[in-house]
Amino acid sequence: QRKANFDHRHHVKLTFMPFIAAAAVAALRRCPIVNASLENTGQGLAIRYHRSIDLGIAVALDWGLIVPVIRHAEQRSFADLARSIADLALRARSKKLSPDEVGGSTFTLTNAGAFGGEYGMPIINQPESAILAVGGLRKEPAVLTDAEGNDTIAIRSMQYFCLGFDHRLIDGADAGKFMLEFKKALENWDQEIG
């Protein structure tokens, strides 16, 4: 509904990825263990809780994959996230990223759906402890329940997401809580998009 106005106002094409990124950031703020990492202290492994969310965005290139990073994603507005994602992807594809723009992410988004896949099992971008794969968006029948408890079937746009995580740090309950927060943020969108 707001695509044309957003494109004109912010000079960037509005896609689904900024919504996904913003929802992931909101969920990471509520579930900081998913944004943490394991560090070798010399005496064993320790948990490091990161103060900021440095969001990696996997970008497919002809020769492979690169993961540029949006630093301090939790401090960014929706429009800034959208601009950053578009800018990093464009510069990654044209080989114009600086070395400090790659690496050091605390959590990564990878878009298997861009190639037509419904699902994808992502491999953790270490030393991160989690990565979220974005599946393809497609229309499917869905059961909807109204306020009175009546069910109907309707066609809705559906998308599947898969969280890959390191069980040494994140257990299934924490992963499930993260995914629930992520789902709530997307389905009950309340952020201003600008």
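**Exercise 1.** Determine which residues Asn111 is in contact with, leaving aside its neighbours within four places in sequence.

*Solution.* Step 1. In this predicted model, the contacts of Asn111 outside that sequence range are Met17 and Val134.
Step 1. Asn111 is located in strand 7, which covers residues 107–111.
Step 2. The relative accessibility of Asn111 is 27%.
Step 3. Trp189 stands 78 residues from Asn111 in sequence, and their C-alpha atoms are 21 Å apart in space.

**Exercise 2.** Describe how helix 2 and helix 3 pack, and state which classes of residue form their contact.

*Solution.* Step 1. Helix 2 (residues 17–30) and helix 3 (residues 78–93) have axes 9 Å apart, at an angle of about 120°.
Step 1. The range for roughly perpendicular ends at 115 degrees, and roughly antiparallel requires over 145. Helix 2 is therefore oblique to helix 3.
Step 2. The crossing of these two helices is right-handed.
Step 3. Helix 2 contributes Met17, Pro18, Phe19, Ala21 and Ala22 to the contact, while helix 3 contributes Phe78, Leu81, Ala82 and Ile85.
Step 4. Sorted by class, this contact comprises nine nonpolar residues, with no polar and no charged ones.

**Exercise 3.** Carry out the corresponding analysis for helix 2 and helix 4.

*Solution.* Step 1. The axes of helix 2 and helix 4 lie 8 Å apart and form an angle of about 135°.
Step 1. This angle makes helix 2 oblique to helix 4.
Step 2. Helix 2 and helix 4 cross in a right-handed manner.
Step 3. From helix 2, the residues involved are Phe19, Ile20, Ala23, Ala24, Ala26, Ala27, Leu28 and Arg30; they meet Phe178, Glu181, Phe182, Ala185 and Leu186 of helix 4.
Step 4. The contact contains eleven nonpolar, no polar and two charged residues.

**Exercise 4.** Identify which element gives the most residues to the largest nonpolar core.

*Solution.* Step 1. The largest nonpolar core has 48 residues, and those with the most contacts inside it are Val34, Leu55, Phe107, Leu109 and Phe178.
Step 1. Several elements supply at least two residues each, among them strand 3 (55–57), strand 8 (130–134) and helix 4 (172–187).
Step 2. Helix 2 gives the most, with ten residues.
Step 3. In soluble globular proteins, nonpolar side chains tend to be buried together.

Technical notes:
Residues are numbered from 1 along each chain as its sequence is written. This is a predicted model: local features need pLDDT of at least 70, side-chain atom pairs count only at pLDDT 80 or more; totals for chains, interfaces and linings use all residues. Side-chain values use heavy atoms; hydrogens and water are left out. Axes are lines fitted to C-alpha atoms, for helices over the stretch in contact, and angles run from 0 to 180 degrees between N-to-C directions. Helices (H or I, at least four residues) and strands (E, at least two) are DSSP runs, numbered from the N terminus. Angles under 35 degrees count as roughly parallel, over 145 as roughly antiparallel, 65 to 115 as roughly perpendicular and the rest as oblique. A crossing is left-handed if the near helix is turned anticlockwise from the far one by less than a right angle, and right-handed if clockwise. Contact means heavy atoms within 4.5 Å. Ala, Val, Leu, Ile, Met, Phe, Trp, Tyr, Cys and Pro count as nonpolar, Asp, Glu, Lys and Arg as charged, and the others, Gly among them, as polar. Buried means under 20% relative accessible area, exposed over 50%, partly exposed in between (1.4 Å probe, protein chains only). A nonpolar core is a set of buried Ala, Val, Leu, Ile, Met, Phe, Trp, Tyr and Cys residues joined through side-chain atoms within 4.5 Å.
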